[in-house]
Amino acid sequence: MIVFREISPAEDFYYPIGSLISIFRNDKDDALLVPMRIVGWISRRSEMGVLWSFFFCCCFPVVALSISGDCSSLEDCILKSYFSKHEVLSDSSFQDLLQDELSKFSCKLLPGDPNPQLTLSGLGRRLIGEGSHRHLSSTIQLQIPPQSFPLQSCKLVMIERLPSGVFADPFELDHLLHHGAYAAIGVFGDTNLELPSVSSNRSAVEIHMNFKHNTSSGAMSALGIRIDLPLHARYAALHESGYSEVAFGTPDLLVSCSMEGSSEKRSCLIVPSSDSNKLRTDVVVWKIPCGIMSHTNVVSVVTFATAFVSTLVIVLPSVLYSKPR
Amino acid sequence: MTARAIMNLRSILIASAVFRLVLILYGEWQDAHMEVRYTDVDYLVFSDAASLMASGSSPYKRTTYRYSPLLAFLLIPNSFLHRAWGKFIFSASDLLVGYFIYKILKQRKVAEDLCLYSVMVWLLNPFTFTIGTRGNCEPIVCAMILWILICLMNGKIIQAAVWYGLVVHFRIYPIIYALPIIVVLDPRYVQLGKKPLLVNWKSNTQKPSSQSSEEASTRYNLWTAAKSMFSRERILFGLVSGGIFFLCTGLFFHLYKWEFLNEALLYHLTRADPRHNFSIYFYHIYLHYGHQLSLVEKLISFLPQSMVQLVLISSFAQDLPFCFFLQTVAFVAFNKVITAQYFVWFFCLLPLILPWSDMKLRWEGLSCVGLWMGAQLHWLLWGYLLEFRGQNVFLQLWMASLVFLLANAAVMAVFIRRQGCSPIFLQMKVRDAKGGVKSE
């Protein structure tokens, strides 16, 4: 099941046509509200849950990107387009798809502009909590050249490919979305909440966070973002040690910017560059308690013996004391 | 105003209603302002399914919705009135159960103060008010079961059969009550069109009674037994309740196809959840998950449950409320999956049997309560360590569930010892072959 919606900001008016019209009209015309709400209602009916970019950027030097493919909006392309072609999440085929998307939707700049160096300077990863319900906290540090970057129209896209053995609850993420924690969040893949990991496939989470307006001036500004993802452990396969270890990989980080240009709205993607020598990513491991195979015989025998004893405890008095008084 | 004057049924009901309203409002506040929700996850499932149904699609498109479409239908106003509509319905059923308990006990001429104490055992039970206000649908099932009892006590067999068919469609577990109801619809006790004679409650001062001769079963030969097995009342009850059940199933199958059958019916019959719960079988299921269980193993797990049910029915069917109570406790205790909401199924029947019990609150009653709650808390402690501290305590948790089953069995044994069988119906004048009436 795919849940992929965006929280609407205060105006509650972010239907695509409405946004387009609001650019040309500076007021919200009530007469247009009704048909636009109907359009919005119709577009929301589709399971896709289209994401809308916030504003058209009027005053930034960015140019139209190459448009291809059948996605009407970029943001729901990456994981959605992956799972539309693949049944199961596999790292290698995902990397291939990501390269594909980047080459198709990479941000191109006007000639003459210096190449923007959006740099990932730090990625901290921590697993907070004990037990079966924990938070995966990712602290991302970016260095951004403010002049070439229209921060207000860009957002951070983080794709977390979850290992098998943990899952994210789509309804819980929905709840967080309504509380304004993220701009958009969606879970793809196997989101069954009940099956143990031997019967489940992997899932992946795509998170979109807006950049907060950053007031620092100068050549480069640093931006720190913290993303907290609530996760739950599945029942793990049996292991003699009593614990099953689940290791998290590194997330895929991208910046997605919406473009002014052609009549259709598009967003482009940028991958922050990083110095892999300087960047040290913490390896996160989750130890999940699991059953122990050697218990099997004892457990079965004692379980049925107890059931038998309890049966006797109930049956004997019933037979002895059931005469009507 | 004396305590007695204040304490009448109306004031208890009003106080309970106000308290539940406050809890519902608090629940809405907690949902909006705190991380941990007050509302049960199941309620959100019902609401989503109801809004799907309101927009014309199948409620089963909502994952983990495993109930009858009737429930989603009841909650449709959640979408356009207020999202707490369902909670109001469930809490109202809760209060209705309290009223039914009073009605049943009063009809059997139980003393007023005992009636009120029994009603309070239900209305002031923490399990009860949290279940309704958190959004669990069990109070509706309890209300239906009690209404069926009231109909049977008043001789309204057809109405009882209709509600019985509905309640089995809604929640499958009441099927265990089918046999005792059929047994109690003996033509010596219950006849179509006539109000049956009830055995009234006698206080301790009046214990020696002269009614024993009327209550004793008459000797009758095999022929009489065979004839009465297929009495009009029993056949009618069976046909009507079966008809209603299949009508509902057929209607919803026509509307929602296999999704309905799989999620609402078959899931409950074949459910084997390896995740930890109060049941003694959870670790066994987890350790064998993925492997096919042999026929012998499947039978072995089925045997204790069926044996206990059959023995209870044959011993206590004449005392219908007590039989229901014991059967429900046993059914829940021996089930493959036990969650806390199942306890409400027998809590609604407990007040109906208390006036007949010889158990004194001090110290036998309190030690039963203590034993049962203690075993539960013990399990919850290990469950907390497993789920929220991540420690491998599967073995200890499993042993705690064994202790819980034994505690349930022990409490049942004490109840049986202190109550015995107090039949609900008196023998009536019997119909003879010509349709006239002759007394035995």
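Reader: How do H6(A) and H21(B) lie to each other, roughly parallel or roughly antiparallel?

Author: Roughly parallel (under 35 degrees; over 145 would be roughly antiparallel, 65 to 115 roughly perpendicular, the rest oblique). Helix H6 (residues 296-320) of chain A packs against H21(B) at an angle of about 10°, and the axes are 8 Å apart. Axes are lines fitted to C-alpha atoms over the stretch in contact, with angles from 0 to 180 degrees between N-to-C directions. Helices are DSSP runs (H or I) of at least four residues, numbered from the N terminus.

Reader: What sort of model is this?

Author: A predicted one, where local features need pLDDT of at least 70 and side-chain atom pairs pLDDT 80 or more, while totals for chains, interfaces and linings use all residues. Residues count from 1 along each chain as written, chains are lettered from A and ligands numbered from 1 in written order, and side-chain values use heavy atoms, without hydrogens and water.

Reader: Which residues meet between H6(A) and H21(B)?

Author: Among them are Val302(A) and Ile314(A) on H6(A), and Trp398(B) and Met412(B) on H21(B). The residues of this contact divide into 18 nonpolar, four polar and no charged (nonpolar is Ala, Val, Leu, Ile, Met, Phe, Trp, Tyr, Cys and Pro; charged is Asp, Glu, Lys and Arg; the others, Gly among them, are polar).

Reader: Whole interface now: how many residues of each chain are in contact?

Author: 58 of chain B with 46 of chain A, contact being heavy atoms within 4.5 Å.

Reader: Salt bridges: how many, and which residues?

Author: One: Arg389(B) with Glu130(A), closest N and O atoms 3.2 Å apart. The rule wants a side-chain nitrogen of Lys or Arg within 4 Å of a carboxyl oxygen of Asp or Glu.

Definitions and conventions. Helix = DSSP H or I, 4+ residues; strand = E, 2+ residues; numbered from the N terminus.
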